[in-house]
Amino acid sequence: MENKTKPNGSANLSIGGKTVELPVYSGTVGPNVIDVKSLYAQTGMFTLDPGFTSTASCESQITYIDGDEGVLLYRGYPIDQLADNSSFLEVCYLLTHGELPSSEALADYTYTITHHTMLHTQLDRFFDGYRRDAHPMAVMVGTVGALSAFYHDSTDINDPIQRMIATHRLIAKMPTIAARAHKYSTGQPFVSPRNDLSYSENFLRMCFAVPAEEYEVNPVLAKAMDKIFILHADHEQNASTSTVRLAGSSGANPFACIAAGIACLWGPSHGGANEAALNMLREIGSVDRIPEFVRRAKDKDDPFRLMGFGHRVYKNYDPRAKVMQETCHEVLDVLDKRDEPLLQVAMELERIALEDEYFVSKKLYPNIDFYSGITLNALGFPTEMYTVLFALARTVGWIAQWEEMTTDPTQRIGRPRQIYTGAAQRDYVPLSQR
Ligand code: CMC
């Protein structure tokens, strides 16, 4: 990656009577950054920022978020335009190559991904080792990590061809692994991928077809699935992406790095919130109970929060939530579930919260997870699969960020420092004297 930060003046920091000049850089858009790389050498001090709320960990050209304006761009393209006009594989190409493909390039890329969807038969047998009631995310972490034991020929991170093949394999095999994780938990036989279907059609078929009858993929549902994948494809330096970058900074192979990203995504503060939002809507149950839950959400002494509301970065309507809301309506319409009580509760809850002073003043808006649970539930996925679908879609973002990091000439192993508050040096006390 060619670094593109531009110098834009400097910032002076006064410490103990000494003034240190630190360079300031500008990106294309977004806040400037103060380069503190030389701070320790110049002052003997570190900076402290445990949740990374003021720290840019890298330079990136992939995804841009403006949380105040509610903007999300992949390689400069707004998320709603991509969701409306593009396919997930086109977005995968965009994220990993930097530009939208020509029709010929997209056809070649689609062919390549489609022809990498099968799993090594020994990897298929791997599933038998998991307990039948294993959480599908546990199966994902284990199986994706195991890819490095099966595809040795694409683990040399210094070879650009091997890195490209690993990228293709990961994007192509995630739906097959995710569908098998689902099938394994239901006790149904695995369904093999079919090359005449699109990425999302194939995934739905691998999840829901059974050998006893023909399975026809509903094109509206396949389109909705594709949109859901597009919405989740990348989100800048979030916890799981930062995990992938940190794991990769030591030179670990891409399959191991993506397994690390999946492990991080599993947590309820990250990938698990859509499940929590759906459970909350179920708990509310009917429109007349909404005021009670809004009251609880505002009560400082009640730990209850409106799940699917608020975001660390977005202080405006999450642009993904808008698309997800439309997708939710499309799915429920085609399935003839327009009167789905959960949707009625969600719409009324959103209306009330967006007019309420508490939510308005704290800039709490619906996030992507508010409508995704209802949509995935209507599509037929059990709640344990929601984070798996997120992982499947986010794999392209992770691998694009991993590639960017691997080819960044300034890349070094990620090694944060700390402020140590433990015991100062002391002498060992023999066991007999303690
Ligand atoms: N319901 C009620 N009050 C809320 C909510 C909510 N959902 N979210 C934040 N607040 C209040 C919070 O109590 C605090 O109030 P005060 O200033 O009086 O103490 C204020 O708003 C700021 O909240 P915060 O927790 O300091 O903000 P944060 O940026 O650390 O947290 C969040 C962001 C997403 C963790 C939080 O909004 C939340 O818990 N939301 C519900 C869970 C959720 O939907 N998570 C999905 C996030 S989107 C998925 C993704 O992109 O990965």
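Entry on the ligand. I looked up which of the 19 residues around the ligand come nearest, and found Lys300, Arg305, Leu306, Gly308 and Lys362; a residue counts as near if one of its heavy atoms lies within 4 Å. The model is predicted, with local features needing pLDDT of at least 70 and side-chain atom pairs pLDDT 80 or more, while totals for chains, interfaces and linings use all residues. Residues are numbered from 1 along each chain as its sequence is written, and side-chain values use heavy atoms, leaving out hydrogens and water.

I then checked polar contacts (pairs of N or O atoms within 3.5 Å). A nitrogen atom of the ligand lies 2.7 Å from a backbone N or O atom of Leu306. A polar backbone atom of Phe309 is 2.9 Å from a ligand nitrogen atom. An N or O atom in the side chain of His311 is 3.0 Å from an oxygen atom of the ligand. The protein covers 72% of the 950 Å² of accessible area that the ligand has on its own (Shrake-Rupley method, 1.4 Å probe).

Entry on the rings. I counted 19 aromatic pairs, with ring centres within 6.5 Å; planes under 30 degrees apart are stacked, over 60 edge-to-face and the rest tilted. Tyr93 and Tyr109 have ring centres 5.3 Å apart and planes at 90°, so I noted the pair as edge-to-face. Tyr93 is buried at 14% relative accessibility, and Tyr109 is buried at 4%; buried means under 20%, exposed over 50%, partly exposed in between (1.4 Å probe, protein chains only).

Key:
A polar contact is a pair of N or O atoms within 3.5 Å; within protein, one must be able to donate a hydrogen and the other to accept it, and residues adjacent in sequence count only if both atoms are side-chain atoms. Rings of Phe, Tyr and Trp (its six-membered ring) pair if their centres lie within 6.5 Å; planes under 30 degrees apart count as stacked, over 60 as edge-to-face and the rest as tilted.
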